[in-house]
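Colleague: I have a new model open and would like to learn how to read it. Could you walk me through it?

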Amino acid sequence: MRDLPHHRPVLAGMAYHGISGSGVRLEALPEGHLLHVLGAIEPTALTAELVKAGLAKSSIRKAGFRQWFVAGDEPFAPASLTALAAALAGKAFVMDQSHGRVRIGVSGRSSRALLSRGTAIDLDPSVFPEGHSAMTMVGHLSVQIVRTGDDSFELTVLRSFAESLWDDLAHMAASAEKDGASSS
């Protein structure tokens, strides 16, 4: 009998706690759930429907005109997706992207400086406050950036590019540390 494929988190075992003094931490976030919602529904109404579908701990991130990503750390039952799709019928469509996208946490006192090395988005808290999200490029990769705290961000990338983004972020952190040491 042939073995069935087993799910392996794409960044399994990856941990980057920064280079001494770099002030950056990279974290492979749980591959819980990521839904793409498209349609004429406001975030408050979407939140109410998420609660009814058992996804109350999820966060909503704007992904474009009438588009949102709904992200959470816990996997969800197919019944939750079915219930949410039924509740949104006529207002919005929902697609499960959990299998196709990966989330990476970037935090620490130098997280904003690190991300500024790879993207053109102004990440100053007065322009890009907590909860704000944007689709952008980090280097050559399409990424959604969400500010999750004062010095913390979450990046969502297509699964097949996750290791490349991870390597780029680690390289940028090492380069920033090297630049900081040489300017001293």
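Colleague: Happy to start simple: how many helices and strands does the chain have?

Modeller: Helices (H or I, at least four residues) and strands (E, at least two) are DSSP runs, numbered from the N terminus. Here the chain has four helices and ten strands. Read from the N terminus, the order is β-β-β-α-β-β-α-β-β-α-β-β-β-α. Keep in mind that this is a predicted model, where local features need pLDDT of at least 70 and side-chain atom pairs count only at pLDDT 80 or more, while totals for chains, interfaces and linings use all residues. Residues are numbered from 1 along each chain as its sequence is written, and side-chain values use heavy atoms, leaving out hydrogens and water.

Colleague: What share of the residues counts as buried?

Modeller: Buried means under 20% relative accessible area, exposed means over 50%, and partly exposed is in between (1.4 Å probe, protein chains only). Of the 184 residues in this chain, 42% are buried.

Colleague: And which residues touch the most other members of the largest nonpolar core?

Modeller: First the general idea: in soluble globular proteins, nonpolar side chains tend to be buried together. A nonpolar core is a set of buried Ala, Val, Leu, Ile, Met, Phe, Trp, Tyr and Cys residues joined through side-chain atoms within 4.5 Å. In this model the largest one has 27 residues, and Val106, Leu155, Leu165 and Leu169 touch the most other members. Elements supplying at least two residues each include β7 (101-107), β10 (152-158) and α4 (162-182). Helix α4 gives the most, with seven residues. Apart from this core lies another, of 14 residues, among them Phe76 and Leu88.

Colleague: How should I read contacts along the chain, and what share joins residues at least 24 apart?

Modeller: Contact means heavy atoms within 4.5 Å. Among contacts between residues at least 6 apart in sequence, 65% join residues at least 24 apart.

Colleague: Where does Arg25 sit?

Modeller: Arg25 belongs to strand β2 (residues 25-28) and is partly exposed, with a relative accessible area of 33%. Its C-alpha atom is 5.2 Å from that of Ser107, 82 residues apart along the chain.
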